[in-house]
Amino acid sequence: MGLSAQVIFIDGTYIKAYSHIDGSVDEKDMLPSIIQAQDSQIQPILGTDLFNALKTKITAGTITGDYDTLLNDYVRMGTLKWFLVHFYPYLQGKIMNGTIGSRNVDNITALSQNEVARLVDIERSNAQFYTERLIDYLQNNSSLFTEYNSNSGADMNPETQTYSEGGLTISGTNRMNRLANWNCCK
């Protein structure tokens, strides 16, 4: 059974053009973190229907007008920054032949775990900024995207609030209500 094709909002070319990742990083190593960023950070903001509509339009090559603006001016940069949050911790390691090991690269000194954590925190802050821009854009332009408010059943409804506390990003009214209830009842 073959793997299903993944529709991604950013690719290696975009990542290398708009981040500090250079051409020597293998693009296939990026894919899991791209998918993680899209699924866990972008989909909850767009909601299932708009998320899937963008993926369908990308596949069909029909991204135009308002959807082009949404994708290129808001979704892509947010996806990139969340990708970096998920990807940086994996840059030093590689799983090969059933073993987890460190990569051996000439002419470069690996960062410590604390230095990597600091970079992740910086990118998390950047990602938070772009996520807030995306939410603001969608809130002010929801009428342009019929899929934004068409979710039902098990679909994810778009989250309309997001904030970060202690390095954790907490989004949406449902998550904040659960957090508030948990804090009050400890």
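**Briefing on the predicted fold**

Among the contacts in the protein chain with a separation of 6 or more, 67% are between residues 24 or more positions apart. The model is a predicted one, and its protein chain has 6 helices and 4 strands. Read from the N terminus, the elements follow the order α-α-α-α-β-β-α-β-β-α, and 37% of the 186 residues in the chain are buried.

**The nonpolar core**

- The largest nonpolar core holds 38 residues, and those with the most contacts inside it are Leu46, Leu54, Leu70, Val75, Phe83 and Leu138.
- Two or more residues each are given to this core by helix H1 (12-18), helix H2 (27-46), helix H3 (48-60), helix H4 (65-87) and helix H5 (113-140), with H4 providing the largest share, 12 residues.
- Once its neighbours within four places in sequence are left aside, Leu46 is in contact with Phe51, Leu54, Val75, Leu134, Leu138, Tyr148 and Pro158.

**Helix H4**

- H4 is made of 23 residues and spans 31 Å from its first C-alpha to its last, which is close to the 33 Å expected at 1.5 Å a residue.
- A kink of about 40 degrees occurs in H4 and is centred on Val75, a residue that also belongs to those with the most contacts inside the largest nonpolar core.

**How H3 meets H4**

- The axes of H3 and H4 come within 11 Å and cross at roughly 105 degrees; the two helices are therefore roughly perpendicular to each other.
- On the H3 side the contact is made by Leu50, Leu54, Lys57 and Ile58, and on the H4 side by Tyr67, Leu70, Leu71 and Val75.

Methods:
Residues numbered from 1 in each chain as written. Predicted model: local features only at pLDDT ≥ 70, side-chain atom pairs only at ≥ 80, totals over all residues. Heavy atoms only, no water. Core = buried A, V, L, I, M, F, W, Y, C linked by side-chain atoms within 4.5 Å. Buried < 20%, exposed > 50% of the residue type's maximum accessible area, 1.4 Å probe, protein only. Contact = heavy atoms within 4.5 Å. Expected span 1.5 Å × (residues − 1). Bend = angle between axes of the 7 residues up to and from the residue. Axes fitted to C-alpha atoms, helices over the stretch in contact; angles between N-to-C directions. Parallel < 35°, antiparallel > 145°, perpendicular 65-115°, else oblique.
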